[in-house]
Amino acid sequence: MTLLAHAIAAAPPAPLSHEGLRGRPLAWSEAGDLGLWSTEWAPDIKLERPDALEHHRLVERICAAQPCLPVRFGTAFASSDDARASLDKRAAALHAALARVAGKSEIALTLLWREAPEERTIPSTPAGPGRRYMEGRRAEFAVRETRRARAASMVESLITELAIERQLVWHETCTSDSVAVSLAVLVPTERAPERKADLERLAAQFTDVFAVLNGPWPPYTFARTD
Amino acid sequence: MKELTAEDASLLELVDRLLNKGVVLAGEATISVAGIDLIYLGLNVVLAAVETIDKAQERRAS
């Protein structure tokens, strides 16, 4: 039997139903004043795509019952002893992370460009193919840089308008041709609907992107301990 | 450019959270499950998201 990890929480465990992934038993492995919620898994059962989403629903259920740190999906332990040893090794960092996310949830904002990147017209010159290639590359680079600068300015505007500490915000810009900004904010759970509405209102001011809001989610982005 | 719908973007953001965020327990942890390497598993889940995007594009095109 292996244990498929879901979330770390402080002992004692919240009273949860004993149903884990695919209806298999949900286990609690306690190490000192920490514990790991996991599903008792069988090595011959392959993880499937829907298991990732079910893991998400399980983590949501655990986080609703007690403050918890989501564990990266796919992490497994050969035994409960292995799980306990892993918690013991990083107990101080895990406690600090738990204190940071307790009572908080994550709101995710994605800003998607409304238009494909504009294609710069390369002046027709009697130049040879090498020169035309270089002009083309320069034009592409200029478009990319313009978009990066615009995305960065949107992030700055959001952080300023939200009046939130920078350590409670994570963001990436221009991760693909479609995505301008991917941003996560850690907010008090009881204020999550209000802060989500704030983000929606602020993002609506940007005319060149449309906003996709998700959450409140468990604090995935802010659960790192490194 | 692949045009993302709101639904596509939500799915991709969630998959990113599940596979790339959260606590990484290493050392005693077995970073594969049932013989499936995590990288393969990650690709598999992300491919599911990409399939959704492709289907959405096909729907728009038809």
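Domain bounds here are those of an automatic or database domain assignment. On that basis, chain A comprises domain 1 (2–101) and domain 2 (104–222), whose C-alpha centres lie 33 Å apart. The structure is a predicted model, in which local features need pLDDT of at least 70 and side-chain atom pairs count only at pLDDT 80 or more, while totals for chains, interfaces and linings use all residues. Residues are numbered from 1 along each chain as its sequence is written, with chains lettered from A and ligands numbered from 1 in the order in which they are written.

We turn to the meeting of the two domains. Contact (C-beta atoms, placed from the backbone, within 7 Å) links 6 residues of domain 1 of chain A with 6 residues of domain 2 of chain A. On the domain 1 side, helix H1 (49–65) and helix H3 (91–101) of chain A each supply at least two residues; helices are DSSP runs of H or I with at least four residues, strands are runs of E with at least two, and both are numbered from the N terminus. H1(A) gives the largest share of this side, 3 residues. By residue class, the side divides into 4 nonpolar, no polar and 2 charged, where Ala, Val, Leu, Ile, Met, Phe, Trp, Tyr, Cys and Pro count as nonpolar, Asp, Glu, Lys and Arg as charged, and the others, Gly among them, as polar.

As for confidence, the model scores ipTM 0.81 and pTM 0.82. Chain B averages a pLDDT (the predictor's confidence in each residue, from 0 to 100) of 60, and 35% of the residues score at least 70.
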